[in-house]
Amino acid sequence: MSSELIGVWIGAFLTLGIFSFLYKDNPFYKFSEALFVGVSAGYWFVVTFWQYFLPKLIDNLVLAYTVLTSQGRVDYHWVYLLGGGLGVLMLLRLFPTVGWLSRWSLAFIVGTTAGLQFTRYLESNGIKQVQGTILPLIVGGSLNTTVGNIVIVVGTFCGLIYFFFSKEHKGAFGGAARVGVWFLMITFGALFGYTVMSRMSLLIGRMDYLFQIWLGLY
Amino acid sequence: MQKKSHRCSRVVLAVFLLLLLLLLSVGVPNAQQEETTAVPEDTSAQAPAPPTNVKAYDTPNDNGHSITVTWTLSADDGAGRKNVVSYEVLRSASPDGEFELRGMAPAGENIFEDKGAKEKSDANYFPPHKDFYYKVRARSDGRYSESTVSAPAFAYGQWYHKGKTPVVVAVLLFSTFCLVFITVARKGKKLYIRPLAGIEAVDEAIGRATEMGKPILYILGLGSADMIATIASFIILGRVAKKTAEYQTPILIPCNDPIVMAVAQETVRAAYLEAGRPDHYKEENIFYLTSMQFAYVAGVNGIMLREKPATNFYLGKFYAESLLLAETGSLAGSIQISGTDEIAQIPFFVAATDYTLIGEELYAASAYLGREPVLLGTLKGQDWGKAAVMIALLLGALAATFHFQFFLNLFTVKL
Amino acid sequence: MDQGHQEEEKSFWEKLLSIDRRIIFLFITVAVAVPLFFRLSLHIAVTPVAEGVYQAVQSLPAGSKVLVSFDYDPGSMPELQPMAEAFFRQAFRNDLKVIIMGLWPQGPLQANMALEEVFKDKDIAAKNLKYGVDYVNLGYTAGNEVVIDRMGHSFEESYPKDAYGTPIGEIPLMRGVRNYDNIDLIFNLSAGYPGTQEWVQYGVDVFHVKLAAGNTAVQAPSMYPYVQTGQLSGVLGGMKGGAEYETLLGIPGRAVRYMFSQAVSHAVICLFIIIGNLAYFSLRRRRKSQMEVQG
Amino acid sequence: MRREVPLVLTAIVGLTMIISHFIPPLNMLKDLFEDWFFIIAAFAIYLGILNLIRINADKVYKKRSDWPFGVVVILGFLLITIPGLFFSGGRSFSDLGTPFYYLYDHVYYPLSATMFALLAFFVASASYRAFRARNVEATMLLVAAFILMLGRVPIGDMITAWLPEGYRMGNAADWIMDFPQTAGQRAIMIGIALGVVSSALRVILGLERAMGGE
């Protein structure tokens, strides 16, 4: 038996193990599940080691050290010690007495993302989307585009009204909010349809694996 | 104590900004030796006409490590002999020195941005504040014809990115809305928030769990601790945990992210303390399962089937696992309250759970429950932001219909 | 008499609603599995958004450089792998140079699997494509959208070496590729974050690159606004998108074959919804009329 | 120290990131902070894994229920880390042909793909049991979903073949995607953008309670 063939059998065995959950929870499924938990943790350990830890931290420090020993000057890359230090603080969470220090690294992470998101969302999801919604309401010669543009502008407008929180949804305002909900529901319906499509595709892929690659039925 | 720490942080901030200013004003003057390559000369009759009018200038709105070069197309580019394949841009530190190839542009293009690295240690470092001379040559099948050398130009960093003005305006406008309403709310003015169906049901759900003697399962989603949905979920968790502390109902929180777990532990501990029942707080009920999406789902599903919780909360960032969780939860007969800002997952929550907070409603729920002036104020600020967007939308649509280009340009962000 | 009939009917609907979910699971298994054994070629209508992707690649002259970012993992293989294969077929058929990268750790592996499959094609095998000259795999780099941003300044900053440890300065294909300025098209296969949204926000919006994408069906609708604003040339959505792409290429492959299974399973789901709702409404009407009788 | 340092650190980093968006010379600082971010994120992942191992070792040691599966978790972890760290050619660990790749291909991939595929079944059962036309809103969701599901496979066009070309189910699906869906999606996106931005503002100004603010 070639290693490839053994691999296919292992794969098929584990696939059936997970599918057995559909009948009911059982040791076969639990084994596959536990293996998945362990293997995925290991997978991330290996990937982060080779692809984050080594290049971002160790490589930069090695560079700083090489410059120091070969040229005798203190290089800018030593600042990575600070980043590494903040990382180590993260691990201190394992020790209750000094665990509070991990808040420093957390603060750094939170600050970075908050700062990035602040401008990014205003720009890409805010201004750019407004820009995309500024459409002519009458397009000469194209009824489809005219109707479509009106639908987009009205739909976006009413949808935003639904998301107004500081005003009660009553009267004309409430009516517009209701129209907004309809648009949201159509959007969700479309998303539902799309998601069903993609889940089915995944299942087809697994079935194909079992029938064709494992059993060779067709 | 509070005030003191505040003043302290302000001072640190001020010092930091000052330092930044200093750092920037020092600048980075440094010259570097240029590597040179030989330039093949070929001026045979078949060579295309050279590009003319070569101009070099500092690239606007950047950090000072780039020069933009423009030229007038060769007479044989797209016309004449039509034999121009591409243009090559060459650079030198002196007008009669050795020129080095910096890059290429396809035929028909008359602009090139000569960019380099910011760090001096980088092989491709581009020194700012140093004069460079450029020439451009047209190429056709190995034959070249060179332009004359441009006037010198040097790269320098701009203080301000002009193309981003609409973003700056938006940042300032929106921040002002939020800060004004936070101040208003802090002064004690009551700000109205419309009721949210999912949140009205929280009390009933916890009461039911207590009657049944079953735990409550709270899932914070797959987001990291810095995601807004997760933060909103933390605030709601604080309120829910306070209720469970009062009712003495156990609350189980399996986490997908160790940082989220840590923050959840602190949130719940604080809530139990606030409810006067720190002794009932059980840290082992808030635990880390795994970071892998489906391994996590498998673990949580196992908990649902074994513990049969009375109520499941799914609030935060959710991806493909949403339906798997909600479906197993309904199989276990739990009441389910969900909410996420991950648009693709909302339909499943709507379909399979009892109450769903749609997108921004999740953020609003945290303000509604928390009743904190800061949250109420920012929520009101958000509403004003939406009003501004809606006004812009209507005026924009009218402007687009009647072709008022000026108004449309206001929204153009140059990057 | 009438009463007895009503009761019977009620219990029928109630029974139907409370059937074991395993029976539903069985229906789905059959609906998906059985059509896989049939070879039917269904007519596949091509949407303009898919056409946009095909045209974006087709319009490139031979020798153009295309950057492909594989931002998915095996979980999304059935949907995205046919697109990846079809894309490689189109690119190699048109003699484009392909630079592969990944923002997801498993991405570049998916690329290798797709290449393996495509090289079985006789026409493509005949071209005798060389690694480093016709295509190159830069591998994965951590950093999500930050990588996209940095590559706008320099590829070498994010990818000093390719996936096999060769410095990119020594790879013939990478010579003259400094940043996006030297790339004619970016094709992104995405199953979530980081993915097409980030490529639009950090690549298209900042560096004005031309971008086409293939997405899972779940994600694709979120990308339509970007197609409409022109930030995206086109998008392939799910298996249908893959099948459309294969149809455009004229090489019906796996995606087309899977479509039959897909169609039947959609029909079964729709049937389930109809039956579920019929039961729901008939039960509700029954309850209402009972209340009227009692009142 | 416990409260102030994190708040000030968040404010400084956050403001730097925002300002550098408009002030190009600050990009260098932004890049450095981003590098640190990844280093810390790597450590956070290690923290999580250490916790996982600790929990499972504890389960095995105390012979809690299902403890043999705790052994499977730990063995699964070692199964992939040992070859991945030591026997798969260092940085090119994920190349075709390495032991790490073999395990990925035949253990990790089938497990994760099947987990995804399970969803197809759950979508079906949710459709049957929970997807109801309870009111006008739910009905609209339902109708839109139907048109999309059928319109995106050849069946939709087949059953509406009696309609003129351009008005069939596939076209209806496209129209929904292009117009009402875009509008709804946009309203949600803009709302979320404002929510995210206001929350980021609170975090940076140290006003967010969940982050240790006042």
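Mentor: Chain C is divided into domain 1 (3-40 + 258-294) and domain 2 (48-252), with bounds that come from an automatic or database domain assignment, and the C-alpha centres of these two domains lie 42 Å apart. This is a predicted model, in which local features need pLDDT of at least 70 and side-chain atom pairs count only at pLDDT 80 or more, while totals for chains, interfaces and linings use all residues. Residues are numbered from 1 along each chain as its sequence is written, chains are lettered from A and ligands numbered from 1 in the order in which they are written, and side-chain values use heavy atoms, with hydrogens and water left out.

Consider chain A and chain D to begin with. Here 115 residues of chain A are in contact (heavy atoms within 4.5 Å) with 106 residues of chain D. The size of an interface is often given as the accessible area lost when the parts come together. Chain A and chain D bury about 10700 Å² between them, and 82% of that lies on carbon and sulfur atoms, buried area being the accessible area (1.4 Å probe) that two parts lose on being put together, summed over both. Trp50(A), Phe108(A) and Phe118(A) supply 7% of the area that chain A buries against chain D, more than any other three residues.

Between chain A and chain D there is 1 salt bridge, a term that requires a side-chain nitrogen of Lys or Arg within 4 Å of a carboxyl oxygen of Asp or Glu. Lys56(A) forms a salt bridge with Asp35(D), and the closest N and O atoms of the pair are 3.5 Å apart. The count of residue pairs in polar contact between chain A and chain D is 15, with both residues at pLDDT 80 or more; such a contact is a pair of N or O atoms within 3.5 Å, where, within protein, one must be able to donate a hydrogen and the other to accept it, and residues adjacent in sequence count only if both atoms are side-chain atoms.

By class, the side of chain A that touches chain D divides into 71 nonpolar, 34 polar and 10 charged residues, where Ala, Val, Leu, Ile, Met, Phe, Trp, Tyr, Cys and Pro count as nonpolar, Asp, Glu, Lys and Arg as charged, and the others, Gly among them, as polar.

Turning to chain D and chain C, the contact takes 47 residues from chain D and 52 residues from chain C. The area buried between chain D and chain C is about 4500 Å², of which carbon and sulfur atoms give 65%. The count between these two chains is 0 salt bridges, alongside 7 residue pairs in polar contact, both residues at pLDDT 80 or more. Several helices of chain D, including H2 (27-61) and H8 (180-204), each supply at least two residues of the side that touches chain C, and H4(D) gives the largest share, 16 residues. That side of chain D has 25 nonpolar, 9 polar and 13 charged residues.

Terms used:
Helix = DSSP H or I, 4+ residues; strand = E, 2+ residues; numbered from the N terminus.
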